[in-house]
Amino acid sequence: SLRNFRVIASMDSTSTTTKSVTARLAYVGANVLLYIDTLAPASGFTAAQLNGFGQLFDNTLYPIDISTFGQPTDIDGNGHLIMLLSPAVNALTPTNECQTEGYVAGFFDGYDLVGTDSNSNRGELFYGIVPDPNGTVSCAHTVDALVASVPSTFLHELQHLISFSQHVLVHRGDSEAGWLDEGMSIVAEELGAVHYEQEFPPPTGRTNPAQLFPDSAEGFMTGVIEDSYAYLQRTDTSAVTLHSDADGGLTWRGGDWLLLRWLGDQFGSGFYRTLDQGSATGIANIEAASGTPFPTLFGSFSLALYTDSIPGVPRAAAPAADRFVSRNLRQLYQAYYRAAGPSPYVPTPFPFTPTPLTGSVTARLLPGSMAFYAVTASSAAPTLTLQFATPAGGALPSGLHPQLSVYRLQ
């Protein structure tokens, strides 16, 4: 069957221009209806490839998000998520930007859930690119390249859809804070890797048996590792809690994944469902779901970025709050260093080393950021005094919510 859809014509957040496309229903699954634009370029999916693509999203990826974050709404009453693959999505990225700035592989548009005019498709939709191996619309995308990139984007955007539909439609509140919503969606990407890690335990499923991840998981984890490594190189200049999903840059997103991964490890996977299935947003949402003041959480999380898997220290020696459970950070970034370092972007096996602190140091911090220092105490000195103050020696303003965490190693 054929159906007409409206698709945004620009990624400019101020633009409301849409274009009309006609798409053919190509796959009907238990969870997903897959439509492909009738104007999709030639040399795209074969019938068998398209059916396999639909099965991947219907039987594997959709259940991953639903089991973790909960159900989305069903305002169109069709009992399915619609996937629309269209060259209109390819065209959102100019050809000259593909190699330098990346490309839009897919997206979710909240206007489909709240809009009432002709620009809204009035249903739960995921929009994705189509294969275009000859680059007739924008940059070239082979079927294999599309299969490598769109699945993680789907998991990411489906979390956004679930969060928006629950917060705004079901609970009649505001949409989730951008930084928290983005962190949740990056966790959703990681869940794709977790699925294949469980399916292919070491050394199976790996081109090189020494790989940390099976080949099928790498498309879900590559960006997560790159962004979180970049974040850990500049924790004192990248705030975790001050960004909107519309903000550019990838570094802060790496920090948000680390925070949400640590929170999930501390409170269990049901924590993510609680965050999505309510009306609270941002810090208040995290506090309500965890039952813990955010400053306490943020202090423990900050320590865990360094105290997780300290070389020479048994992992279990660190209190549970001071380490990750599902990921070993030093193992993760060591594998990244082996694959991509040493280089200007990946100079060391671990992204940061605490700055030695002797005497005094004056520094500035953004809210929602952190800095790490190492103090070495002499065994001959019975006490060690640390002063955390303004440059003039006075008390820091309480309104800034300053925090100092001390972790003793001996």
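Visitor: What makes the meeting of Glu197 and Arg327 a salt bridge?

Guide: In this predicted model, their side chains meet at 2.8 Å, N to O. The cut-off for a side-chain nitrogen of Arg and a carboxyl oxygen of Glu is 4 Å, so the pair counts as a salt bridge. Glu197 sits in helix α6 and Arg327 in the loop between α11 and α12, 130 residues apart.

Visitor: What makes Arg261 and Glu190 count as buried?

Guide: Arg261 has 7% relative accessibility and Glu190 has 1%. Buried means under 20%, so both residues qualify. Their side chains form a salt bridge at 2.9 Å, N to O. This pair links helix α8, which holds Arg261, to helix α6, which holds Glu190.

Visitor: Why is α7 called roughly perpendicular to α8?

Guide: Their axes cross at roughly 100 degrees and come within 7 Å. Angles of 65 to 115 degrees count as roughly perpendicular, so the term applies to α7 and α8. Among the residues making the contact are Tyr231 of α7 and Trp257 of α8.

Visitor: How do you know that α11 is largely enclosed by the rest of the structure?

Guide: Of its 14 residues, 11 are buried, so α11 is described that way. What covers these buried residues includes α7, α8, α10 and α12.

Note on methods
Residues numbered from 1 in each chain as written. Predicted model: local features only at pLDDT ≥ 70, side-chain atom pairs only at ≥ 80, totals over all residues. Heavy atoms only, no water. Axes fitted to C-alpha atoms, helices over the stretch in contact; angles between N-to-C directions. Helix = DSSP H or I, 4+ residues; strand = E, 2+ residues; numbered from the N terminus. Parallel < 35°, antiparallel > 145°, perpendicular 65-115°, else oblique. Contact = heavy atoms within 4.5 Å. Buried < 20%, exposed > 50% of the residue type's maximum accessible area, 1.4 Å probe, protein only.
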